[in-house]
Amino acid sequence: MRVRDIQAQVRQVVGALAKIGDVVREINETQAVIGGVLTEQVAVTRDVLA
């Protein structure tokens with residue numbers, strides 16, 4: 001019985017880690033988009049001030 005309980009807990013942990021990995025990937029994608037937008041904003045601001 002204990003082995004089955006441990007196996008079930010390990011499956012839960014693996015599932016949770018997979019979800020965390022998905023969230024980290026989403027955060028990285030969002031950061032990349034924000035970085036691109038900020039780069040564009042800086043370029044536009046420079047053009048306006050020039």
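**Surface patch and salt bridge in a predicted model**

Me: In this predicted model, how much accessible area do Val 13, Leu 17, Ile 20 and Val 24 have together as a nonpolar patch on the surface?
Reply: These four residues form a nonpolar patch on the surface. Nonpolar side chains are joined into a patch within 5 Å. Together, the accessible area of Val 13, Leu 17, Ile 20 and Val 24 is about 360 Å².

Me: Is Val 24 buried, partly exposed or exposed?
Reply: Val 24 lies in helix α1, which covers residues 2–49. Val 24 has 41% relative accessibility, so its class is partly exposed.

Me: Which residue meets Asp 22 in a salt bridge?
Reply: The count of salt bridges comes to one. A side-chain nitrogen of Lys or Arg has to be within 4 Å of a carboxyl oxygen of Asp or Glu. The N to O distance here is 2.6 Å, and the partner of Asp 22 is Arg 25.

Me: By how much of a helical turn are Asp 22 and Arg 25 separated?
Reply: Asp 22 is partly exposed at 40%, and Arg 25 is partly exposed at 48%. Both belong to helix α1, and because they are three residues apart there, the separation is about one helical turn.

Me: How far apart in space are Ala 8 and Asp 22, C-alpha to C-alpha?
Reply: Ala 8 is found in helix α1 and is partly exposed, at 30% relative accessibility. In sequence, Ala 8 and Asp 22 are 14 residues apart. In space, their C-alpha to C-alpha distance is 21 Å.

Definitions and conventions: Residues are numbered from 1 along each chain as its sequence is written. This is a predicted model: local features need pLDDT of at least 70, side-chain atom pairs count only at pLDDT 80 or more; totals for chains, interfaces and linings use all residues. Side-chain values use heavy atoms; hydrogens and water are left out. Patches are made of residues with over 30% relative accessible area and no salt bridge: like charges are joined within 9 Å, nonpolar side chains (Val, Leu, Ile, Met, Phe, Trp, Tyr) within 5 Å. Accessible areas come from the Shrake-Rupley method with a 1.4 Å probe; for residues, only the protein chains shown count as cover. Helices (H or I, at least four residues) and strands (E, at least two) are DSSP runs, numbered from the N terminus. Buried means under 20% relative accessible area, exposed over 50%, partly exposed in between (1.4 Å probe, protein chains only).
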